[in-house]
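Let me put the model up on the screen and then walk you through a few spots.

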Amino acid sequence: KGNFMNHFKDVHFKGDFRSYQQRVLGNVNKYLADGKINIVAAPGSGKTILGLELIRRLNEPCLILSPTTAIREQWGQRFREWFLKDESQFEELFSTDLHHPKLINSITYQALYMAMERISEKAEDEVDCSDIDLFKTLRKQGIKTICLDEAHHLKNEWQKALEKFLSRLEGGTTRICLTATPPYD
């Protein structure tokens with residue numbers, strides 16, 4: 001599945017983890033016992049770095065979902081800056097376009113919505129995913145890790161598409177959920 005024989009062989013965090021990140025990573029097997037981990041931490045506290053390290057440790061192709069194109073791009077910037085010894089690897093490992101999936105795929109909830117509902121929308125900096133068979137792509141690439149960034153901020157139709165997507169995922173997927181502001185309902 002996919003073309004990622006050694007997955008994250010050459011990918012390693014180049015910095016020092018913060019104390020809360022170390023606590024999460026030290027207990028990751030316990031937290032992931034049900035295939036899900038939810039992390040709530042303040043803005044700027046390193047959730048993206050922690051998410052990338054969890055993805056690296058899970059060692060499976062990943063789909064990251066973000067609320068905006070700016071946050072989608074931030075995932076790539078953090079990955080390139082903090083996890084790659086040779087930044088030339090970035091183009092072969094990271095994608096923001098599911099027409100060209102890679103080891104790590106970072107898209108917006110809007111792109112997910114377009115793929116799930118087969119709706120083509122013109123949006124600045126957004127890839128039109130209305131022509132993608134999302135589940136076929138996931139299977140073909142062997143994507144087993146789904147990372148949800150700030151999912152509770154979704155617009156109504158994007159939330160419905162996300163719920164539909166998650167309900168149709170095959171078994172054996174792991175979910176990483178990151179947020180700075182948890183929902184209160």
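So, in which strand does Ser 106 lie? It's in β4, the strand covering residues 104-108. And before I go further, keep in mind that this is a predicted model.

Let's stay with Ser 106 for a moment. Its relative accessibility comes out at 0%, so it counts as buried. What does the side chain do in there? One of its polar atoms sits 3.1 Å from the backbone oxygen of Arg 72. If you skip the neighbours within four places in sequence, the contacts of Ser 106 are Ile 64, Ser 66, Arg 72, Trp 75, Phe 94, Ser 95 and Thr 96.

Now move along to Thr 108, which is also found in strand β4. Buried or exposed? With a relative accessible area of 2%, Thr 108 is buried, because the cut-off for that is under 20%. Its side chain has two partners I'd like you to look at. One is the backbone nitrogen of Ala 111, reached at 3.0 Å. The other is the side chain of Glu 126, in a polar contact at 2.5 Å. Again leaving out neighbours within four places in sequence, Thr 108 touches Leu 65, Ser 66, Thr 68, Thr 69, Arg 72 and Glu 126. You'll have noticed Arg 72 and Ser 66 coming up here, and both were on the list for Ser 106 too. For a sense of scale, Thr 108 and Leu 50 are 58 residues apart in sequence, and their C-alpha atoms are 19 Å apart in space.

Right, on to helix packing.

Pair one is α3, residues 47-58, with α4, residues 69-83. At what angle do they pack? About 70 degrees, with the axes 10 Å apart. Anything from 65 to 115 degrees goes down as roughly perpendicular, so that's the label for α3 and α4. On the α3 side, the contact is made by Thr 48, Ile 49, Gly 51, Leu 52, Glu 53, Ile 55 and Arg 56, and α4 brings Gln 74, Trp 75, Arg 78, Phe 79, Trp 82 and Phe 83. Sorted by class, that gives seven nonpolar, three polar and three charged residues. Trp 75 of α4 is in this contact, and Trp 75 is also one of the residues that Ser 106 touches.

The crossing is right-handed. From α1 we have Tyr 20, Gln 21, Val 24 and Leu 25, against Lys 47, Ile 49, Leu 50, Glu 53, Leu 54 and Arg 57 of α3. By class, this contact has six nonpolar residues, one polar and three charged. Ile 49 and Glu 53 take part here, and they were in the α4 contact as well.

Who meets whom? In α6 there are Tyr 109, Gln 110, Leu 112, Tyr 113, Met 116 and Glu 117, and they meet Glu 157, Trp 158, Ala 161, Leu 162, Lys 164, Phe 165 and Arg 168 in α8. Those residues divide into eight nonpolar, one polar and four charged.

Most residues other than glycine have a negative phi. Asn 59, in the loop between α3 and β2, has a positive phi of about 60 degrees. It's partly exposed, at 34% relative accessibility. Arg 118 is in the loop between α6 and α7, and its phi is positive too, near 55 degrees. Arg 118 has a relative accessible area of 46%, so it's partly exposed.

Last stop, Gly 35. Where is it? In the loop between α2 and β1, and at 16% relative accessibility it counts as buried. Gly 172 is 137 residues away along the chain, yet the two C-alpha atoms are separated by 7.9 Å. Not counting residues up to four places away in sequence, Gly 35 touches Thr 173, Thr 174 and Arg 175.

Methods. Residues numbered from 1 in each chain as written. Predicted model: local features only at pLDDT ≥ 70, side-chain atom pairs only at ≥ 80, totals over all residues. Heavy atoms only, no water. Contact = heavy atoms within 4.5 Å. Helix = DSSP H or I, 4+ residues; strand = E, 2+ residues; numbered from the N terminus. Nonpolar A, V, L, I, M, F, W, Y, C, P; charged D, E, K, R; others polar. Buried < 20%, exposed > 50% of the residue type's maximum accessible area, 1.4 Å probe, protein only. Polar contact = N/O pair within 3.5 Å; in protein donor to acceptor, adjacent residues only side chain to side chain. Axes fitted to C-alpha atoms, helices over the stretch in contact; angles between N-to-C directions. Parallel < 35°, antiparallel > 145°, perpendicular 65-115°, else oblique. Left-handed = near helix turned anticlockwise from the far one by under 90°.
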